[in-house]
Amino acid sequence: MISALSPELFYIILSNLPLEDKLECRLVSKEWHRIVSSSPQLYETIIIEGEEEFNKLYAFFSKHKKLGEKVRRLSINRGAIKVDMYRSLPVIFPHVEIFHCVEDWNCLPLKRWKAQKSIKNFSHWKDTIVEIREIGSSLATFALLKGNVCHRLKNIDIGMSGEASELERMELIPLLANAPNLTTLKLTDTMILPFQLDEALDSLPNLKVLAFRDVEFVNNQLHDYDIEGSLKRDEDIKPSQLETLIISGGRFTEDAKIWLKYFSKKITNIKNLVWNLVENNRFERFFETHEHFLIQFLTKCHQLEFYRVHAFKLTAKILKAMTDAGVRLKHIDVETTWASKRLEVFLKSEQMDFIETLSTSGSSYKSLAFEYRKTDEPHYLLKEIGKHPNIKNLRIIQSQQEVDSPISNKFPFDVVLNDMKHLQTLKMDFVSLILRYDSDEPVETSLTKIHIIEGYFLASRFCSEADLEEEYNFSLQSNRNEEGQCDSLDYVEKILPNTEIIMEELDMEIDEETFINFIKKREF
């Protein structure tokens, strides 16, 4: 009976029910009907999965508009929505603050945003919307910003695919001025010119995070603008207050140096730079090209702290130029295929004296250690890192295809305990952490957190030396969740009583939204 539950517990239970089940609860009694039909918190968040569910709930809220007025967060996934239904959403849900829609490709023609009905309907959200995310179509974003100033809008994340032409995709940029308090902007599958970005950044003084994914960076090849000439003449470009720039994939129609020269004038206050692989119009990756212009850009970024640039080769010249310019990195992610060679370059640079978090991605510890096998010092790589007390966090994340299993990627965890006394967090994947330690006494360490994805500990107390050294030990692999491994984990937890140990199974690759949040929060 409802009387046996506290109101708080009753609301929690109802809030976690699917919407259809909530509606069924109204049939229990008059009291339940009253509560379910009149409690705003029960309808603050609506998540719709698939076309059938969307059509059913669309029909329900069309009849019960008072309930629709209580919705604050609306999320639609793969709904295959018809245009007329889509653009009537603000009428049915007029007070939405957060709107997410992940749609099937080509289902909502972008050109329909110009229709007066679209613009009129989406104006309902102009005073409430805080965040909007549209993948597959950006009809709502375009219609909302056309003629409406959205002072509360903080985050925009849109993917412009569907039937949008090149010019239609570029029409959004001038409309961004109608979101003057925007702090995060993510653009996918669009095109942009330097002068457009310049105008957008000038009209968005509060923008802190700018992310491009699969964006085409164009210049005067598409329009009759002498971009390079205008940048040379305009010596008064005002630097933006942007703190994070993320470029993930994409293409430069001609030469990246035009954009690098523009960045060196406009985007100089950034703290976080993420630039993954991009191509030119010949589908060539940059790597060693444009080093001069990259240095020109980086040496202007005196506040730069996080550096994850995979589009260009990391060289000693780049690192020295940053150091000489007063740039002091706190976190660097050394890139993928050539991580070992680029890591060696970084280890010899003066930036090693400033870094707090060292990350490598795309290479296992096994591969990294292999590059230093000829040195006289065992475990040279880890001991070299251990010489720098400023390095508090170590992250080694490999490509999933590089090793067959964790057992073929062994990591000397005892070296961390003995030679890396200042290390506070360790994160690795597809790894077996080998511990040669045979005491029950707690280990003196600064480690506060160990995060292992698809891996396990192997302690010498429970395994023979042959087992620890064997490259492919299928008996251990098959028993990874059995007694020996559980004992090893229990043992590690015992000797590291003040260390949080997270053992995680691989779920999926981190999505872009999570990565942006990681950058914004600077969480390790």
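This is a predicted model: local features need pLDDT of at least 70, side-chain atom pairs count only at pLDDT 80 or more; totals for chains, interfaces and linings use all residues.
# A walk through the model, helix by helix

Residues are numbered from 1 along each chain as its sequence is written, and side-chain values use heavy atoms, with hydrogens and water left out.

**Stop 1: α1 and α3**

Select residues 7-15 for α1 and residues 30-38 for α3. Helices (H or I, at least four residues) and strands (E, at least two) are DSSP runs, numbered from the N terminus. The axes of α1 and α3 are 12 Å apart, and the packing angle is about 70 degrees. An axis here is a line fitted to C-alpha atoms, for helices over the stretch in contact, and angles run from 0 to 180 degrees between N-to-C directions. That angle is why α1 and α3 count as roughly perpendicular to each other (65 to 115 degrees; under 35 is roughly parallel, over 145 roughly antiparallel, and the rest oblique).

Now show the side chains. Which residues of α1 and α3 meet? On the α1 side they are Phe10, Tyr11 and Leu14, and on the α3 side Trp32, Ile35 and Val36. By class, this contact of α1 with α3 has 6 nonpolar residues, no polar and no charged ones. Nonpolar takes in Ala, Val, Leu, Ile, Met, Phe, Trp, Tyr, Cys and Pro; charged takes in Asp, Glu, Lys and Arg; the others, Gly among them, are polar. Contact itself means heavy atoms within 4.5 Å.

**Stop 2: α14 and α15**

Jump to residues 256-266 (α14) and residues 291-298 (α15), where the axes come within 8 Å and cross at roughly 15 degrees. α14 and α15 are therefore roughly parallel to each other, and their crossing is left-handed. Pick out Lys257, Leu260, Lys261, Phe263 and Ser264 in α14, which meet Phe293, Leu294, Gln296 and Phe297 in α15. Sorted by class, the contact between α14 and α15 has 5 nonpolar, 2 polar and 2 charged residues.

Is α14 largely enclosed or open? Of its 11 residues, 9 are buried, so α14 is largely enclosed by the rest of the structure. Buried means under 20% relative accessible area, exposed means over 50%, and partly exposed is in between (1.4 Å probe, protein chains only). Among the buried residues of α14 are Trp259, Tyr262 and Lys266.

**Stop 3**

Select Phe122 in helix α8 (residues 116-122). Phe122 counts as buried, at 1% relative accessibility. Setting aside neighbours within four places in sequence, its contacts are Tyr86, Arg87, Pro90, Leu139, Ala140, Ala143 and Leu144. Asn148 sits 26 residues from Phe122 along the chain, and their C-alpha atoms are separated by 9.1 Å.

Next comes Asn77, in strand β2 (residues 73-77). At 16% relative accessibility, Asn77 is buried too. Leave out the neighbours within four places in sequence, and Asn77 touches Ile47, Ile48, Glu49, Gly50 and Val102.

**Stop 4: a loop on show**

Go to the loop between β21 (500-504) and α24 (512-521), and click Glu505. Is Glu505 buried or exposed? Its 63% relative accessibility makes Glu505 exposed. Beyond neighbours within four places in sequence, Glu505 is in contact with Ile453 and Glu454.

**Stop 5**

Most residues other than glycine have a negative phi. Asp189 has a positive phi near 55 degrees, and lies in the loop between β6 (184-188) and β7 (191-192). Asp214, in strand β8 (residues 209-217), also has a positive phi near 55 degrees. Asp189 is partly exposed at 24% relative accessibility, and Asp214 is partly exposed at 39%.

**Last stop: zoom out**

Look at the whole chain: 24 helices and 21 strands. Of its 524 residues, 52% are buried. Among contacts with a separation of 6 or more, 77% join residues 24 or more positions apart. How many disulfides does a search of the whole structure find? The search finds 0, a disulfide being a pair of cysteine sulfur atoms within 2.5 Å. If you want cysteines to select, Cys150 is buried at 0% relative accessible area, and Cys301 is buried at 0% as well.

Technical notes. A crossing is left-handed if the near helix is turned anticlockwise from the far one by less than a right angle, and right-handed if clockwise.
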